[in-house]
Structure formats: C-alpha cells, structure tokens
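Colleague: Let us check some labels against their definitions. Show me the model.

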Amino acid sequence: MNVQSDDSLNTTNQAAESSDGAQHAAADDLETLRSELAEIEQKADEYLRLAQRTQADFINYRRRVEEERAQQARDAALGLLQRLFPILDDFERALANASPADRESSWGQGIQLVERNLRGLLAAEGVERIEANGADFDPRLHEALGSAPSSDVPEGHVLNVVRQGYRRGERVLRPAQVIIAKRPEG
C-alpha cells in the first residue's frame with residue numbers, strides 16, 4: 001500500500017506541479033496579452049488623436065481657402081469700382097461744362113442718365129463720396145495738392161476739391177485731392 005500511495009502522491013504532486021506550471025504559464029500569457037492590449041490601445045489613441053488633428057487641420061485649411069477666395073472676390077470688385085471713378089469724373093466734367101441747352105437736349109439727358117446710373121451702381125456697392133469741401137484736412141481721407149490763401153475758409157480746412165474721393169465703409173478707395181486753405185498774407 002505504501003508503494004501505491006507513493007505513486008499516488010507522485011502523480012498528485014506532478015499534477016499539482018503541472019497545474020502550478022499551467023497557472024504560471026497562463027498568468028504569463030495573461031500578462032503578455034494585457035501588455036499587448038495596452039500597447040494596442042495606446043496606438044489606437046495615438047491614431048485617433050492623429051486623425052482628429054488631421055481633420056481639424058483640413059477644416060482650418062478649407063476655411064482659410066474660403067476666406068482667401070472671398071478676399072480675392074472683394075479685391076476684384078474693389079478694383080473694378082476704382083476703375084469706374086475716372087469715368088465718373090469725366091461725366092461730371094462734361095456735365096459741369098455743358099450749357100443749359102446741352103443739358104436739356106436728348107444727348108445731355110442721356111449723359112445725365114448714364115452718370116446717375118454709375119452713381120447708383122456705386123451706391124449699391126456701398127461706395128460713398130468723401131465730403132471734403134470746407135472739412136478739416138484729414139490725411140487719411142484727403143490728398144493735399146497744394147495750398148492757397150483764403151479769408152473765407154479757416155486755415156487747415158479744404159478750400160477746393162480737385163478730384164472727388166470715395167470710400168466704402170471705413171476703407172478709403174480713393175482719397176479726395178484737395179487744395180488746403182492757408183492764412184492770407186498781409
């Protein structure tokens with residue numbers, strides 16, 4: 001009985017050792033799997049952050065491109081408006097030098113109509129004249145071409161407007177060219 005009991009004990013011990021070995025192997029495998037899982041989760045988080053950053057960069061890029069296109073459209077519109085100013089100047093000079101009879105003729109009426117339409121177009125685009133006659137000289141709004149003595153207009157104020165200026169909101173599209181009053185000599 002003793003031999004059988006020793007064999008039983010050996011078998012039991014071997015089974016226990018085998019079970020302990022299997023448990024250690026399973027624990028090692030579990031630890032390896034956990035570390036691999038943590039590494040995979042870390043990479044997944046990194047890829048997610050990278051994807052989110054890329055998406056944000058793309059959204060910012062698209063917004064920047066849209067802003068640039070809008071600015072280019074505004075600049076193109078302003079360029080066209082600025083090219084209309086000399087044409088309007090020519091119409092104003094023509095009307096200023098026309099006789100009353102010329103103004104009443106069908107030709108004169110047509111010139112006045114075109115001039116009004118040009119003004120209407122500028123007004124529709126938010127362009128307005130810079131009021132300069134008698135105003136205090138402002139280098140942001142006026143371009144001084146010279147000065148002349150005047151007893152009627154205070155010194156440093158606009159005496160005459162040589163060429164009209166225009167602005168759109170706060171942006172000056174073309175400064176008014178002016179003659180500034182100075183104190184009369186004597």
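This is a predicted model: local features need pLDDT of at least 70, side-chain atom pairs count only at pLDDT 80 or more; totals for chains, interfaces and linings use all residues.

Colleague: What makes R119 and E92 a salt bridge?

Modeller: The term requires a side-chain nitrogen of Lys or Arg within 4 Å of a carboxyl oxygen of Asp or Glu. The closest N and O atoms of R119 and E92 are 2.0 Å apart, so the pair qualifies.

Colleague: Which parts does that pair tie together?

Modeller: R119 lies in helix 3 (residues 106–124) and E92 in helix 1 (residues 2–97), so parts 27 residues apart in sequence are joined. Helices here are DSSP runs of H or I, at least four residues; strands are E runs of at least two; both are numbered from the N terminus.

Colleague: Why is E115 called buried?

Modeller: Buried means under 20% relative accessible area, exposed over 50%, partly exposed in between (1.4 Å probe, protein chains only). E115 has 11%, so it is buried.

Colleague: Why is R129 called partly exposed?

Modeller: R129 has 27% relative accessibility, so it falls in between.

Colleague: Which residues form the salt-bridge network?

Modeller: E92, E115, R119 and R129 are linked. E92 also meets R129 at 2.0 Å, N to O. E115 pairs with R119 at 2.7 Å.

Methods: Residues are numbered from 1 along each chain as its sequence is written. Side-chain values use heavy atoms; hydrogens and water are left out.
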